[in-house]
Every structure is written in structure tokens, then in C-alpha cells.
Amino acid sequence: MDFMLEEELMDLMTFCLQNPESFEITAKKKRISEIGQELYLDGGIDALDNFFFSIKNRIIGEIEKDPSPLRSLWNGLTTDWHY
């Protein structure tokens, strides 16, 4: 399951970074938030940290854009996650 979520998250974040003006952006960001909730419920803040670290490195390596601004989509899941 983790591999599938990682790939979906990778696709969603890449889309958001490459198509910031798309009419689909709201739905994509909503799904990123939902995945964050799934990850948090399954593995806590460590899961969020690990997934984001992995995704960030892959995205920077593949499209040379930093997905860090998208971390804020997971704000509110826990008081320990505030970006």
C-alpha cells in the first residue's frame, strides 16, 4: 500500500508543481491532503516525514522543483506538523 500511495503522491505533487494554473489543481491538492491523513493515521508524524523526504528528493531529482510549499497541505493533521 505504501508504494502505491508514494507513487500517487509523486504524481499529484509533480502535477501541481508543473501546472500551477490548471483547473484541476484544487482536486489534486485535496487528494494530497487525503493521502497525508491516511499516512498519519497509519504511521503518525514519522510516516509524514519519511514520505515527504522521499518524495521531495525524487521530485527535485526529476523535475528540479522543490515541493516544500505543498507540505502545508498536511497542516492540521497534528500539532507537530506546521509548515
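**Entry 1: the whole chain**

I counted the elements and found 2 helices and 0 strands in the protein chain, where helices (H or I, at least four residues) and strands (E, at least two) are DSSP runs numbered from the N terminus. I then looked up the radius of gyration, which is 12 Å and close to the 12 Å that the globule rule gives for 83 residues, so the protein chain is as compact as a globular protein of that length. For this I noted that the radius is taken over C-alpha atoms and that the rule is 2.2 Å times the number of residues to the power 0.38. This is a predicted model, in which local features need pLDDT of at least 70 and side-chain atom pairs count only at pLDDT 80 or more, while totals for chains, interfaces and linings use all residues. Residues are numbered from 1 along each chain as its sequence is written, and side-chain values use heavy atoms, with hydrogens and water left out.

The C-alpha trace spans about 30 × 25 × 25 Å along its principal axes, and buried residues make up 35% of the 83 residues. I wrote down the cut-offs here: buried means under 20% relative accessible area, exposed over 50%, and partly exposed in between (1.4 Å probe, protein chains only).

**Entry 2: helix H2**

I compared the span of H2 with that of a straight helix: 39 residues would span 57 Å at 1.5 Å a residue, but H2 spans only 18 Å between its end C-alpha atoms. The expected span is 1.5 Å times one less than the number of residues. Looking along H2, I found a kink of about 130° centred on Gly43, the bend being the angle between axes fitted to the seven residues ending at a residue and the seven starting there. The buried residues of H2 include Ile32, Leu39, Gly44 and Phe51, and H1 is part of what covers the buried residues of H2. After H2 comes Glu64, with a positive phi near 55°.

**Entry 3: two single residues**

Thr78 lies in the segment after helix H2 (25-63) and counts as buried, at 12% relative accessibility. Leaving out residues up to four places away in sequence, I found that Thr78 touches Tyr40 and Ile45, where contact means heavy atoms within 4.5 Å.
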